[in-house]
Amino acid sequence: MFREGSLQRRGCGWHLVVEGPVQTKCKGAQMNRGLRFVVALVVGMAAPIMAAGCEKHKEAQPTTVPGPATKPAPPTPIDVKKEEVGGPTWDPEWDKIVELALPPAMLSGQVPHDVRRFCPEFYGMAEADKRAFWAYFFQALAGAEAGLEPTVQAKHAQPEMAVKDEVTGHQSRTSGLLQLTYGDQKRYGCDFDWDHDKTLKIDDPDRTILQPKNNLECGVKILDRQLIEKRKPLLWASGYWSTLHPGTLSYRVFAKQMTNVPAACRVESGRKVASR
């Protein structure tokens, strides 16, 4: 006995769909055996092909890798003040730039202990809170260095700054939120392009060194070199930024911006962070 059938695809497999009148003669039994053989042969040949197709289909599915957890940083005093008077303020998107640029070591116990001057609970905090602290730190640094203005340029009279920039060939000029130089491209691998920038006006926001993302990511690289590679303290007299040299006037300007660190940093509510 047999029924006529057809081989149909369902999902990633083949199924035999049988329909038609029932045959009861002996000759039908022989045909039934022949049909089973043909169906088995076809299914056997189709299965590897369909399996390969299904595997390709699975491989083609996009995979989403979740990024690290981030938190917005609170505003620094200068950010609050500038918002009141209508001046340039810190863009919350810049928090994300800093937080996503942080290497794992800057979220670990390798960070020098003087970080507790500003964030007493740093070593016991969740990673998202540590990222928010560093975002706040760079906001405070940008406030002290450039007044939160991305296109600020400065020349310095100090002998250590009155040197030729090894990339531009001109006297060093500091630029952007963190007041960096084109020489940092060679020293720290920063994403600055002098060949592109030299064709633009000095305060053109399209200059690569003035773009907040490039400037802030470079700043993270510089601080990572100091803290992790060189194993120097956060507040170091020979550090890159004079605003982080203890005992100086510019340091006191920076320290005033560090008085509203994320709540997770504080040991207890209302405790003041050292500003000396």
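Modeller: Cys 190 and Cys 218 are both buried, where buried means under 20% relative accessible area, exposed over 50%, and partly exposed in between (1.4 Å probe, protein chains only). Keep in mind that this is a predicted model: local features need pLDDT of at least 70, side-chain atom pairs count only at pLDDT 80 or more, and totals for chains, interfaces and linings use all residues. Residues are numbered from 1 along each chain as its sequence is written, and side-chain values use heavy atoms, with hydrogens and water left out.

Biologist: How far apart are the sulfur atoms of Cys 190 and Cys 218?

Modeller: They sit 2.0 Å apart and form a disulfide, which here is a pair of cysteine sulfur atoms within 2.5 Å. Cys 190 is in the loop between helix H5 (184-188) and helix H6 (194-197), while Cys 218 is in helix H7 (residues 212-229), so the link ties together parts 28 residues apart in sequence. Helices (H or I, at least four residues) and strands (E, at least two) are DSSP runs, numbered from the N terminus.

Biologist: Is the link of Cys 190 and Cys 218 right-handed or left-handed?

Modeller: Right-handed, with 70° about the S-S bond.

Biologist: How many disulfides does a search of the whole structure find?

Modeller: Two. Cys 119 and Cys 265 form a disulfide as well, with their sulfur atoms 2.1 Å apart. That pair links distant parts of the chain, 146 residues apart: Cys 119 is in the loop between helix H3 (92-101) and helix H4 (127-146), and Cys 265 is in the segment after helix H8 (249-257).

Biologist: Why is the disulfide of Cys 119 and Cys 265 called left-handed?

Modeller: Its torsion about the S-S bond is about -85°, so it counts as left-handed. Both Cys 119 and Cys 265 are buried.

Biologist: What about Ala 263, buried or exposed?

Modeller: Exposed, with a relative accessible area of 65%. Ala 263 is also in the segment after H8. From Ala 263 to Cys 119 is 144 residues in sequence, but 9.2 Å in space, C-alpha to C-alpha.

Biologist: New topic. Which residues have the most contacts inside the largest nonpolar core?

Modeller: Phe 133, Trp 134 and Phe 137, in a core of 53 residues. A nonpolar core is a set of buried Ala, Val, Leu, Ile, Met, Phe, Trp, Tyr and Cys residues joined through side-chain atoms within 4.5 Å. H3, H4, H7 and H8 are the elements that give two or more residues to this core, and H4 has the largest share, nine residues.

Biologist: What does Phe 137 touch?

Modeller: Not counting residues up to four places away in sequence, Phe 137 touches Leu 223, Leu 234, Leu 244, Phe 254 and Met 258. Contact means heavy atoms within 4.5 Å.

Biologist: And where does Leu 102 lie?

Modeller: In the loop between H3 and H4. Leu 102 is buried, with a relative accessible area of 6%. Leaving out residues up to four places away in sequence, Leu 102 touches Leu 107, Arg 131, Trp 134 and Val 220. Leu 102 and Trp 134 are 32 residues apart in sequence and 8.4 Å apart in space, C-alpha to C-alpha.

Biologist: Which side chain does a polar contact of 3.1 Å join to that of Thr 181?

Modeller: The side chain of Arg 187. A polar contact is a pair of N or O atoms within 3.5 Å; within protein, one must be able to donate a hydrogen and the other to accept it, and residues adjacent in sequence count only if both atoms are side-chain atoms. Beyond four places in sequence, the residues Thr 181 touches include Asp 165, Phe 192, Ile 209 and Tyr 240.

Biologist: Zooming out, how many helices and strands are there?

Modeller: Eight helices and four strands. From the N terminus on, they run β-β-α-α-α-α-β-β-α-α-α-α. Of the 276 residues, 38% count as buried.

Biologist: Where does pLDDT stay under 50?

Modeller: Over residues 37-43, for which the model has three contacts beyond four places in sequence, and over residues 46-51, with four such contacts. pLDDT is the predictor's confidence in each residue, from 0 to 100. The chain averages 82, and 71% of the residues score at least 70.
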